[in-house]
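Please read the numbered points with the model in view.

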Amino acid sequence: MTELREDLIQSAVKFLVDPKVRESTLTKKIAFLESKGLSTAEIEESVRRSSGLVAGLSGQNQSSIAHNPVQSISPSQFAQPQSQPGFNWKDYTLAVLSILGVGYGTYTVVKQYILPQLAWPTATEFEADSNKLNSSLTTTTSALQSVQNETTALAKSIDDYSLQVSNQIDLMSKALVDLKEMDEKRDEEIAKIKLEVDGIKEMIPK
């Protein structure tokens, strides 16, 4: 809970019990106290105290009031809330120096580390980079050409081997056909010989 500022409450009570101020509406009184920096709790406490004080004054006789008048406090005499201390020239100087220091540090970092990365290359640097790029491209092209040549040679070797295998297969197939024909001829010759032998046997007298 926020601590109530007693000095402001006492000043507010004196303001509220003033005969001229009592004729104003409660809304205007509260608005005036708020403009002077009082919190809601402080305004409520001031209104409560002033109401009790006004009721007590109403029960007194005129002589008591004449001998003990309530001091009239005009709105201009109302105590102002304590304001926070403002900035002096030292604070502004330190702030300016801090800003200048940060700005110089940023400028130094940008100049030393960022601008060299963003700077446009000179003719010499551009030529050197171009030579490096051309050299890299030449090396890459040579490597690709070498791979292509090796691939072509390998493909030719495979084709030659395939042709050789195909020729061997053809030779084997022809040899098998020849063997089969020879077997068939042999069987025919054997069959003829057998027939002739059988014929000779029949010609021999028994």
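**Notes on the helical packing**

1. Serine 46 counts as buried because its relative accessibility is 0%; buried means under 20% relative accessible area, exposed over 50%, and partly exposed in between, with a 1.4 Å probe and protein chains only. Serine 46 belongs to helix H4, residues 40-58. Helices (H or I, at least four residues) and strands (E, at least two) are DSSP runs, numbered from the N terminus.

2. The model is a predicted one, in which local features need pLDDT of at least 70 and side-chain atom pairs count only at pLDDT 80 or more, while totals for chains, interfaces and linings use all residues. Residues are numbered from 1 along each chain as its sequence is written, and side-chain values use heavy atoms, with hydrogens and water left out.

3. Leaving aside residues up to four places away in sequence, serine 46 touches Ile9, Ala12, Val13, Leu16 and Leu38, where contact means heavy atoms within 4.5 Å. Its C-alpha atom is separated by 9.5 Å from that of leucine 33, 13 residues apart along the chain.

4. Glutamate 45 is also found in helix H4. Glutamate 45 has a relative accessible area of 16% and is therefore buried. With residues up to four places away in sequence not counted, glutamate 45 touches Leu4 and Ile9. The C-alpha atoms of glutamate 45 and valine 13 are separated by 8.9 Å, the two residues being 32 apart along the chain.

5. The largest nonpolar core has nine residues: Leu8, Ala12, Phe15, Leu16, Val21, Phe32, Leu33, Leu38 and Ile43. Such a core is a set of buried Ala, Val, Leu, Ile, Met, Phe, Trp, Tyr and Cys residues joined through side-chain atoms within 4.5 Å. Two or more residues of this core come from each of helix H1 (6-16) and helix H3 (26-35). H1 contributes the most, with four residues.

6. How do H1 and H3 pack? Their axes are 12 Å apart and meet at an angle of about 150°; axes are lines fitted to C-alpha atoms, for helices over the stretch in contact, and angles run from 0 to 180 degrees between N-to-C directions. H1 and H3 are therefore roughly antiparallel to each other, a term for angles over 145 degrees. On the H1 side the contact is made by Ala12, Phe15 and Leu16, and on the H3 side by Lys29, Phe32 and Leu33.

7. As for the whole chain, there are seven helices and zero strands. Of its 206 residues, 11% are buried. Among contacts with a separation of 6 or more, 75% are accounted for by residues 24 or more positions apart.

Technical notes:
Angles under 35 degrees count as roughly parallel, over 145 as roughly antiparallel, 65 to 115 as roughly perpendicular and the rest as oblique.
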